[in-house]
Amino acid sequence: MNTPDPLEWTDALLLGYPAMDRLHEEFVAEVEALRSAPDDQLAARLSQVRDHLEAHFGQEDQWMRETEFPPRDCHIDEHAAVLNSVREVQALLAQGDHLQTCRGLADELARWFPGHADYLDSALAAWMFKRRHGGKPVVVRRTITSGEPTA
Ligand SMILES: [Fe+2]
Ligand SMILES: [Fe+2]
């Protein structure tokens, strides 16, 4: 499979619920740090990605459970599956010589995230926003070329 492009934090990834947007900005930074890490830093970077994911998914799972978000089960299951893969690769790395497996996982995380954010996180962000503010979030995204807010 082709290597995906670098994951970049842009306004296109904003979902309009700031607490979640902050987690996602951190996710993008952690995954790219893993992807660009030299071999001797892969294990340390992967451990940071795992710490991040435990906090990120833990927070989203908590929001879903506390607010009884209706379609929560598949979202929570997807988080668990991703975290399992990370833990498995971490265990392999600890045994030594699984650098390519780790780099494959890093690419896979970059490939996985935009779809997850689009389909699952965006619904949760809208739900959380609506509960707090009584309406759908208005997301102001700048166009990448002009840097100006779109109308
Ligand atoms: Fe998320
Ligand atoms: Fe999520």
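Modeller: Let's take helix 3, residues 72-95. Helices here are DSSP runs of H or I with at least four residues, and strands are runs of E with at least two, numbered from the N terminus. Helix 3 has 24 residues, which at 1.5 Å a residue should span 34 Å; its end C-alpha atoms lie 35 Å apart, so the two values agree. The expected span is 1.5 Å times one less than the number of residues.

A word on the numbering: residues count from 1 along each chain as its sequence is written, while chains are lettered from A and ligands numbered from 1 in the order in which they are written. This is a predicted model, in which local features need pLDDT of at least 70 and side-chain atom pairs count only at pLDDT 80 or more, while totals for chains, interfaces and linings use all residues.

Which residues of helix 3 are buried? They are His75, His79, Val86 and Val89. A residue is called buried if 20 or more other C-beta atoms, placed from the backbone, lie within 10 Å of its own, exposed if 12 or fewer do, and partly exposed in between. These buried residues of helix 3 pack against helix 2 and helix 4, where contact is counted when C-beta atoms placed from the backbone lie within 7 Å.

Now for the neighbours. Two packed helices are described by the angle between their axes and by the distance between those axes. Each axis is a line fitted to C-alpha atoms over the stretch in contact, and angles run from 0 to 180 degrees between N-to-C directions. The axes of helix 2 and helix 3 are 10 Å apart, at an angle of about 165 degrees. Helix 2 and helix 3 are therefore roughly antiparallel; that label is for angles over 145 degrees, with under 35 being roughly parallel, 65 to 115 roughly perpendicular and the rest oblique. Their crossing is left-handed, meaning that the near helix is turned anticlockwise from the far one by less than a right angle (clockwise would be right-handed). By class, the contact of helix 2 with helix 3 has 13 nonpolar, 4 polar and 7 charged residues. Nonpolar covers Ala, Val, Leu, Ile, Met, Phe, Trp, Tyr, Cys and Pro, charged covers Asp, Glu, Lys and Arg, and the others, Gly among them, are polar.

Helix 2 and helix 4 (residues 99-133) have axes 13 Å apart, at an angle of about 20 degrees, so they are roughly parallel. Leu42, Leu46, Glu60, Trp63 and Met64 of helix 2 make this contact with Leu99, Cys102, Leu124 and Met128 of helix 4. By class, the contact of helix 2 with helix 4 has 8 nonpolar, no polar and 1 charged residues.

Finally, look at both ends of helix 3. Glu68 is in the loop between helix 2 and helix 3. Its phi is positive, near 50 degrees, although Glu68 is not glycine. Glu68 is exposed, because it has 7 other C-beta atoms within 10 Å. At the other end, helix 3 is followed by Gly96, with a positive phi near 95 degrees. Asp97, in the loop between helix 3 and helix 4, has a positive phi of about 60 degrees without being a glycine. With 8 other C-beta atoms within 10 Å, Asp97 is exposed.

Note on methods
Two residues are in contact if their C-beta atoms, placed from the backbone, lie within 7 Å.
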